[in-house]
Amino acid sequence: MDASAGDARQAVLELTEGRGADAVIVTVGVPAVISSAFGMVARNGTVNLFAGTHPKGAIELNPDVPHYDQVAITGSHDFIPNDFATAVRLVQFGIVDVEPLISHRFPLASIVEAFETTRDQLGLKSIIVADK
């Protein structure tokens, strides 16, 4: 476990008086991040995997965690059209600020570089800025 995962685990344990979180939702498809979730979840808690790994990855899981700690492991995928429409409205009306999520901006002429940046996981979110 790297330092940031250890820091996150410590923060969760401090916030929960040592119990761990009732639910941990993993939104990053990185095996090390998925593994770290099991150090943050409470007994009888749930770890939800909301991201696939790309490229495909594997994690080691101590079978005692789901068995003795009764941790449930679930997965979630996709959305319904209404979820997407709601998200667009939240951004449109400034209720949710997405600016901090944008790590790269590319002109249309650099679209190949934009896709390569995303493929190589070099940033959080890239956007293409169309020429006016």
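**Exercise 1.** Determine which residues form a nonpolar patch on the surface, and then classify valine 96 by its accessibility.

*Solution.* The patch consists of Leu90, Val91, Phe93, Ile95 and Val96, which together have about 440 Å² of accessible area. Patches are made of residues with over 30% relative accessible area and no salt bridge, nonpolar side chains (Val, Leu, Ile, Met, Phe, Trp, Tyr) being joined within 5 Å and like charges within 9 Å. Accessible areas come from the Shrake-Rupley method with a 1.4 Å probe, and for residues only the protein chains shown count as cover. A salt bridge is a side-chain nitrogen of Lys or Arg within 4 Å of a carboxyl oxygen of Asp or Glu. Finally, valine 96 counts as partly exposed because its relative accessibility is 37%, where buried means under 20%, exposed over 50%, and partly exposed in between.

The model is predicted, with local features needing pLDDT of at least 70 and side-chain atom pairs pLDDT 80 or more, while totals for chains, interfaces and linings use all residues. Residues are numbered from 1 along each chain as its sequence is written, and side-chain values use heavy atoms, without hydrogens and water.

**Exercise 2.** Describe the order and the pairing of the three strands in the open sheet.

*Solution.* The three strands follow the order 1-2-3 with parallel pairing, and strand 1 (21-26) and strand 3 (72-75) are the edge strands, each pairing on one side only. Strand 2 (residues 41-49) pairs with strand 3 over four bridges, pairing being assigned if DSSP finds at least two bridges between two strands. Within strand 3, glycine 75 is the bridge partner of leucine 49.

Definitions and conventions: Buried < 20%, exposed > 50% of the residue type's maximum accessible area, 1.4 Å probe, protein only. Helix = DSSP H or I, 4+ residues; strand = E, 2+ residues; numbered from the N terminus.
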